[in-house]
Amino acid sequence: MNKRIYFSSIAFLATVLRIALAVLALSWVSSQAAAAGQTIDPENCIGCHEETPVLGVHSGALFGATNRVATCADCHGWVTDLGQHETDGADMVRFDSAAAVLEPRTLTPLSLGVSTIATQNQTCLQCHSGKTLGALHWTHDAHGFELACSTCHQLHPKNDPVRGLSNASTIKLCVDCHSAQTRNGEGVRP
Amino acid sequence: MSVTRRDFLIASTCVATAGAFPVVHSMEVDGKRYTMVHDEKACIGCTACMDACREVNAVPEGVSRLNIIRSEPIGTYPDVTFQFFRQSCQHCDVPPCVAVCPSGASFRDPDTGIVDVDPDKCVGCQYCIAACPYQVRYIDPVTQAADKCDFCRKTNLAQGKLPACVESCPTNALIFGDLNDPDSEVSQVIATSKTYRTKVELGTDPHLYRIAAPTGGNRS
Amino acid sequence: MNDILNGAFHFESLVWHGPIAAYLFLLGLSAGATLIGLLLKRRVIQGPAWKNGFIKAVAVIAPIGIVVSLLILILHLTKPLAFWKLMIYYNVTSVMSVGVMMFQLYTAVLFVWLALVFADPINQFLDLGLQGRLRWLARPIDRCVSFLSRFELSIEWVLALLAAALGAYTGFLLSVLKTYPLLNNPWLPLLFFFSGLSSGVAGTLLLGVVGFKESGDSPSAHWAHAFEKPIIFGELVVLGIFFGWLFLSGGRAEVAALAAITSGFWAVVFWVGVVFVGLLLPLALQTILPAKWQHSVTFIVVLTSSSLLGVVSLRYFILYAGQMTVY
């Protein structure tokens, strides 16, 4: 056989092999990604949502049994379908979107709004017990599931605005919200 | 011994005058009867009224004219309700505190029906504090005289406004007005709603009416 | 122990505390002693009353009792310097105001009566005392006294009525308080009247025998003993009616009564101090012990001291336990 033909076919085969390996590698990665469960490691959320770190008390929250730090997924849920996630984020738990959480870099508008109150609050109740919350402050009991936790609490900023409120400020919070309610004719005595 | 006509006329005039005096004294002529209704269904226990009262009437720390008492939680999370009870002067029509005051410092204003205290006449014997079955009186640490809620008689009412607590309530749970006026909001609320008062059996005839909150379930 | 005492003397519904109990006791003591003095003078004593040790005891106890109780009352006010306002502003619907009126009258009449009783020694003192420097007072005072002594009987009647009224007043003061169901009781004035009377007898006997060396076997002492027994018995009866009324009234009154005599520090004070030491012990001692023992100084001291302790316990018990339960 002609030496040139021989070597070019080897080169061709090698190239084909490399391409095949690359494709295999890529498909292996994406097949891993496509597998049910942790498609995207929560460490990677920041890759797209780069301006949304958690600076408050939940940044260092530890799970007692495993000593694991809380991640985005613990509150917002796990991304199983990246395509779906990039389209509308329907698989995520969306808390008060008007809070200090910015839109992701991919600029896909969040058209679905926030998750239901029950969904949101059940997320928080995974760790926080209703009984303890009620004992901590009676307003938790008073509002129950009529109000989303995120209406008052903001976990991303360093300081949650409703923690450590003075008595006068607490009263002002009640008055502001409830007088708006009364003005809208929603109270018992509008 | 015979009685002359002259003696008889003089004696009977004296008796009639003496007899008329207590009657005239107890009648209310054209007076208002300021009354308050606390709607426990609308009350959210925010205690804005307590703060407003303290501020407007310059109530010193350590004592309080008005308290909102929150019940224990009724139900389990997330279906919990509370009952809020307003503790403040009832401005009774038959006030025990006025009856017992030795110097007359505690008095009922006949024009408004408001029970108030004249701090100059008060000597601080604390008889009124013991006599009030609603336990709403205190000794003011600044004046050392007895004091309590006066429906903002010397502050807001004097300026033609509603009492501070009524103005501050975000849910309109406090209704205030003249019970002697059948067209006032307070008269109409009392006529149409189911109201209750406390310790009525003691004969005090209090003027703080309450609309009871339902226990458990939906509050709205 | 500290917590128990703290809880017994400091609680939310407490308005009137210790000094008022002392005031109630001293007022009852003064009124009671006055009544005993009046009775002794009119019914028992032969000859000049002022020579009798028990009358001297009354002359010490009655005025000191009323003056000290007045002082306690004034100091207890949150505006003590305004106390004089109580003497110009009155309210006839207020038991306290009526009491203040009676207080003033009683004090005046008491001093007048004492001046009449002790007219001779006073005259002697004015004549001879301080090397005769007070002699200029002797004649005018003598003339006042002889003028007033024409009305001695009326003065004594007025004083007796005032003393009786004041003895009951201490009960009325508390019984109009609708806030406290234990105190809001029609039998309280009578209970305090009997209690005041018994403290008057006990105090007079004690001071007369110990302070003024009056014999425990004198006609006055015999009379005082004889008078004391029905008083203690009466007190027991009224105490029974007092609690009977509370229990049978039901509601908060029954709750208050039950709590007062069955639980806590004050229940102990009631059964040990009021009932046993104050009433049963004196009654038993007087009934069981042979008559000749009953006139020794020791016996009189023991008897009168337990009686007085019982009266003090009663005033404190009624005041504190009474304010523990609110309607």
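Mentor: Let us take chain C, where residues 24 or more positions apart account for 80% of the contacts with a separation of 6 or more; two residues are in contact if their C-beta atoms, placed from the backbone, lie within 7 Å. The model is predicted, so local features need pLDDT of at least 70 and side-chain atom pairs count only at pLDDT 80 or more, whereas totals for chains, interfaces and linings use all residues. Residues are numbered from 1 along each chain as its sequence is written, while chains are lettered from A and ligands numbered from 1 in the order in which they are written.

The secondary structure of chain C consists of 12 helices and 0 strands (DSSP runs numbered from the N terminus: helices are H or I, at least four residues; strands are E, at least two). Read from the N terminus, the order of elements is α-α-α-α-α-α-α-α-α-α-α-α.

As to overall dimensions, the C-alpha trace of chain C extends about 65 × 55 × 35 Å along its principal axes. Its radius of gyration is 21 Å, which agrees with the value near 20 Å that a compact globule of 327 residues would have (taken over C-alpha atoms; the rule is 2.2 Å times the number of residues to the power 0.38). Of the 327 residues in chain C, 44% are buried (20 or more other C-beta atoms within 10 Å of their own).

Helix 5 (residues 119-132) of chain C and helix 6 (residues 135-148) of chain C have axes that come within 9 Å and cross at roughly 170° (lines fitted to C-alpha atoms over the stretch in contact, with angles from 0 to 180 degrees between N-to-C directions). The two helices are therefore roughly antiparallel, a term for angles over 145 degrees. From helix 5 of chain C, Ala119(C), Asn123(C), Leu126(C), Asp127(C) and Gly132(C) take part; they meet Arg135(C), Leu137(C), Ala138(C), Ile141(C), Asp142(C) and Val145(C) of helix 6 of chain C. By class, this contact has 6 nonpolar, 2 polar and 3 charged residues (nonpolar: Ala, Val, Leu, Ile, Met, Phe, Trp, Tyr, Cys and Pro; charged: Asp, Glu, Lys and Arg; polar: the others, Gly among them).

Chain C also touches a neighbour: 23 residues of chain C are in contact with 24 residues of chain B. On the side of chain C that touches chain B, 14 residues are nonpolar, 6 polar and 3 charged.

Note on methods
Parallel < 35°, antiparallel > 145°, perpendicular 65-115°, else oblique. Buried ≥ 20, exposed ≤ 12 C-beta atoms within 10 Å, placed from the backbone.
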